[in-house]
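Visitor: I would like to go through the charged contacts and the metal site of this model. Please show it first.

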Amino acid sequence: MNIHEYQARELFAKFGVATQPGAVAFTPDEAEAVASKLGGKIVVKAQIHAGGRGKGTFKNGFKGGVHLCDTPAQARDLASQMLGQVLVTHQTGPEGKEVGKVFVGEAVDITKELYFAILLDRATSAPVVIASTEGGVDIESVAEHTPEKIIRVGVNPALGLMPFQSRKIAATLGLTGPLANQAVKLFANLYKLFIDCDCSMVEINPLVITAKGELLALDAKFNFDDNALYRQPAIVAMRDKSEEDPREVAASEYSLNYIGLDGNIACLVNGAGLAMATMDIIQYAGGKPANFLDVGGGASKDQVSAAFRIILGDANVKGILVNIFGGIMDCNIIANGIVEAARETSLSIPLVVRLEGNNVEAGKKTLAESGLALITGDDILDAAQKVVAAVAKAA
Ligand code: ADP
Ligand code: MG
């Protein structure tokens, strides 16, 4: 799960991570009011679940999702240019994201932009700090062209981020004297936030040194471990479903593992490994998968029919491949779920089903007696070839 920058700032405040004052605004009026209260130079920032806003462009031609201005009236004007508009950045994809709120904050006089992040390193199964002196909007190109400018420091999860490690990172970032002290405190508080909130990533880009000699987090991008959300009600309350793929929101309501993709052959599979193999074999057969969907080992009939409805709610889907290997899963439950959902939605696109394993005979009987016009696959390759051919024929 992701949150917005303004919500991440609420967590900064709670954990004592230094940042500049500001507040979220949902209307130009609110933006003006926040700016008046702050006084001085102001920054207005589009709030979307994607980075690269500063260099982004709105679909109406307005350039940039991060702007500085001098007066509350200008802040109002900037907010009205951004609110309700679609912002495209290198992280949103060409479809962009609609801006529903802006963050209005104090502009600061920046002398240096740094990069600081904590994330979970899959290779070591432990947190790792990533930092660089080359912070700001071009961190991706720093990673690509000058990777030596990016430092990595592994953290022992039993010990946490140790003060000596923070001092070393601060020194590598060129921070000395009072700035080094601020850095050690900020890193420790951010690490506590990372652990306490079950984050999988906290990224501050830029972490800035100001002309007044302060170290401040000016941007924030957080990711949370979905498997830990059950114990993070305050984080779950920050979820903004309008930022998520509606297909994925529906799937999460039924505890289905669903990821929307941009092909046209939907797959419904039990088990993540089999789901990946199914996507591969669809490609191998010359097709493109519309989704990753794992109904899990113990799916109910309701979950299966919900999965089917989600698939059919996607206008890009031109054919469906059901690939079930019943180890724990009872093939007949899958068959009943398919029949129910196909009847409800008056299925009009090719459906190829490959069932194997536990209670497969009963499952095949349910499908055969349903009167549904489905195609059966003998094995996984046969099924993939059949669905690709059926979609090509229907086109
Ligand atoms: P994004 O990463 O989505 O482009 P940022 O919040 O990092 O958005 O903003 C982009 C750039 O805008 C920053 O690197 C910084 O140079 C500038 N900026 C952001 N916030 C402020 C601020 N409060 N004061 C001055 N400059 C800012
Ligand atoms: Mg940034």
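Visitor: Which residues are linked in a network of salt bridges?

Guide: This is a predicted model, in which local features need pLDDT of at least 70 and side-chain atom pairs count only at pLDDT 80 or more, while totals for chains, interfaces and linings use all residues. Residues are numbered from 1 along each chain as its sequence is written, chains are lettered from A and ligands numbered from 1 in the order in which they are written, and side-chain values use heavy atoms, with hydrogens and water left out. A salt bridge here is a side-chain nitrogen of Lys or Arg within 4 Å of a carboxyl oxygen of Asp or Glu. The network joins Glu5, Arg9, Lys45, Arg53 and Asp219.

Visitor: How many salt bridges does this rule give?

Guide: The rule rests on the nitrogen-to-oxygen cut-off just stated, within 4 Å. Applied to this model, the count is 21.

Visitor: Which protein atoms are donors of the magnesium ion (ligand 2)?

Guide: Donors are N, O and S atoms within 2.8 Å of the metal (3.2 Å for Na, K and Ca); water is not among the atoms, so sites may look incomplete. At 2.2 Å from the ion, the protein donors are Asn205 (O) and Asp219 (OD).

Visitor: Where in the chain do asparagine 205 and aspartate 219 lie?

Guide: Helices (H or I, at least four residues) and strands (E, at least two) are DSSP runs, numbered from the N terminus. The two residues are 14 apart and link distant parts of the chain. Asparagine 205 is in strand E11 (residues 199-210), and aspartate 219 is in the loop between strand E12 (215-217) and strand E13 (221-224).

Visitor: Is aspartate 314, the salt-bridge partner of arginine 247, buried or exposed?

Guide: The two side chains meet at 2.3 Å, N to O. Arginine 247 lies in helix H8 (residues 246-253) and aspartate 314 in the loop between helix H10 (301-312) and strand E17 (319-326), so the pair ties together parts 67 residues apart in sequence. Buried means under 20% relative accessible area, exposed over 50%, and partly exposed in between (1.4 Å probe, protein chains only). Arginine 247 has 18%, and aspartate 314, at 7%, is buried.

Visitor: What separates aspartate 382 and lysine 386 along their helix?

Guide: Their closest N and O atoms are 3.0 Å apart in a salt bridge. Aspartate 382 is buried at 18%, whereas lysine 386 is partly exposed at 27%. Both are in helix H13 (residues 380-394), 4 residues apart, so the separation is about one helical turn.
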